[in-house]
Amino acid sequence: MGGVYDVVVVGLGVAGAYAAYRLAKAGLRTLAVDVKPYERLGDKPCGDAVGGHHLERLGLTDLPQDVIEGRVRGIDIYSPSERFRFRVLGEGYEIDRIGLVRYLVERALDRGLELETETPALGPVVKDGSVQGVVLKRGTGSVEVGARVVIDASGNARAIARRLPREWPVSEDLKAEDSNVAYREVRELRREIEEPEILRIYVSKSVAPGGYWWLFPYSKTGTRVNVGLGVQGGRGYPHPRDLLYRYVLSREVFEGSRVVEAGGAVVPTRRPLESLVWNGIAVVGDAAYAVNPVHGGGKGSSMLSANCVASAVIEALETGRTDAGGLWSANACYMSSYGAKQAVLDVFRLFLQELSDDDIEFGMRKRIIREEDLNVLSLRGDLELSVVDKAVRLLAGLTRPSLLLKLRSVVEYMSKVRALYESYPRSPVELPVWSRRLEELLEEYKARVLG
Ligand SMILES: Cc1cc2nc3c(=O)[nH]c(=O)nc-3n(C[C@H](O)[C@H](O)[C@H](O)COP(=O)(O)OP(=O)(O)OC[C@H]3O[C@@H](n4cnc5c(N)ncnc54)[C@H](O)[C@@H]3O)c2cc1C
């Protein structure tokens, strides 16, 4: 079918698939395109862990059993020496990533979604200051396809957003140091792993500088695990695959194990794009940097961003206003439901990446921040000043007062950033002033608190 689509969705990972599902369900004439063939939609290197709270919020609580590869009861976080362990309890799942995307795409197809696989989008069509479609590669040629709104859900490729005018906030590039380069393997172990419903995270600067390594069992089998490692980008650290082989896969537990899948990718670990929308364009998922900056999980938040964008697009098409102002409610929705927390966690991430293994060992040994604080931090992005003040009172006289005082300042900046996000602009015209305030605040934080 030709003509102008209501929406063209570029990319069918979890973010694009969730957006396409919501838009098709709302009866909008939607085309989704992906470079991958149908059977590989959703297939990207991932740890496959998703928090149960995300699925509840997204109305995905009755996923078919074959999409669930295991239940998760909690996460163990190990100190660099592995002598100290925090167990943070919380419900979650190991998900079959292809199965989840297929589940969403099939439902969208039932509601009339048009789908073109093995079709790369080459860029946007921009006319009169607004995105009015996309250029698709078809066969050996290319065609322009018109759309009232284009959604860039192309992950790190940012196939549309990065080709937009530089003054549009959606075009902001990812800085290498605001990313993690991560590599993982799915392996079949020779023996069943103990406590397969517990995910394991190991924090160690010497093994995974600026990141961590993980061991996530798929509890359905107990012998299949997802093992991976991420390092901060832009710092010249060794490739995560080399570190994984050198320090992790040499452990006894992996002896005789078989590689089922292997691969890596870049994870954006920063605050979200300052606006997910502009004239005729919306950006979701990794393309919008909608990932938790501390643990790098992005499947749930990608779908949350897609959910907010889908609601805004549906409303914008009803009112006939698809410019930045008409789509703006996507920002209010995302920033209040997840983006503010992400920005607060980004402040914490910058601090964490500065710590030495000794600092982390000390912090966990002295329980400066405890399991319950980590739970609140991870769910809400809050770290109470009183928690840190208590630690300062108890420990400052003994040792490392500078680390404790620094942590106190970090928490203060976390609340300043939260306060700024609470006054997120109500319209695009207010964005430049707000963005400048945010930039100044982050620069002040880096200069005053970080090294
Ligand atoms: C090693 C690793 C481990 C991770 N572990 C976890 C974890 O345990 N839990 C978690 O929640 N998150 C994890 N993440 C992050 C998570 O995988 C991502 O945040 C999430 O998959 C992003 O989904 P998305 O739909 O935005 O992007 P993607 O899944 O990257 O989808 C983008 C889609 O766009 C398509 N595309 C790209 N360019 C074009 C183009 N030009 N034209 C058409 N189509 C195009 C691609 O083919 C792809 O299908 C991990 C990431 C990595 C790399």
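The legends below describe close-up views of a predicted model. Residues are numbered from 1 along each chain as its sequence is written, and side-chain values use heavy atoms, with hydrogens and water left out. Local features need pLDDT of at least 70 and side-chain atom pairs count only at pLDDT 80 or more, while totals for chains, interfaces and linings use all residues.

**View 1. Strand β9 and its pairing with β1, β8 and β16**. Helices (H or I, at least four residues) and strands (E, at least two) are DSSP runs, numbered from the N terminus, and two strands pair if DSSP finds at least two bridges between them. Strand β9 covers residues 141-152 and runs parallel to β1 (residues 5-10), to which five bridges join it. Within this pairing, Val10 has Asp152 of β9 as its bridge partner. On β8 (residues 130-138) the sense is antiparallel, with six bridges to β9. Val135 stands opposite Glu144 of β9. Two residues lie between the strands in the hairpin of β8 and β9, where Gly139 takes a positive phi near 60°. Three bridges join β9 to β16 (residues 281-283) in the parallel sense; here Ile151 is partnered by Ala282 of β16.

**View 2. The aromatic pair of Trp278 and Trp328**. Rings of Phe, Tyr and Trp (its six-membered ring) pair if their centres lie within 6.5 Å; planes under 30 degrees apart count as stacked, over 60 as edge-to-face and the rest as tilted. By this rule the model has 12 aromatic pairs. Trp278 and Trp328 are edge-to-face because their planes stand at 70°, with the ring centres 6.5 Å apart. Trp278 belongs to strand β15 (residues 277-278) and Trp328 to the loop between α6 (324-327) and α7 (329-352), so that the pair links distant parts of the chain, 50 residues apart. Buried means under 20% relative accessible area, exposed over 50%, and partly exposed in between (1.4 Å probe, protein chains only). Trp278 is buried at 15% relative accessibility, and Trp328 is buried at 4%. Ring pairs also link Trp278 and Trp328 with Tyr421, Tyr424 and Trp434 in a cluster.

**View 3. The tilted pair of Tyr413 and Tyr445**. The two rings lie 5.3 Å centre to centre, with 45° between the planes. Tyr413 is in helix α11 (residues 401-422) and Tyr445 in helix α12 (residues 431-448), so the pair ties together parts 32 residues apart in sequence. Tyr413 is buried, with 5% relative accessibility; Tyr445 is buried too, at 1%.

**View 4. Arginines over tyrosine rings**. A charge sits over a ring if NZ of Lys or CZ of Arg is within 6 Å of the ring centre and within 35 degrees of the ring normal. Arg29 lies over the face of Tyr5, at 4.1 Å from the ring centre. For Arg251, over the face of Tyr202, the value is 5.8 Å.

**View 5. The second largest pocket**. On a 1 Å grid over the protein atoms alone, a cavity is a set of points where a 1.4 Å probe fits but cannot get out, and a pocket is an open set with protein on both sides within 12 Å along at least five of seven lines; lining residues have an atom within 4 Å of a point. The lining has 18 residues, and Glu172, Lys175, Arg271, Glu274 and Glu439 lie nearest the pocket centre. Elements giving two or more residues to this lining are α7 and α12, and α12 provides the largest share, nine residues.

Notes: Grid points are joined across faces, edges and corners, and a volume is the space filled by probe spheres set on the points.
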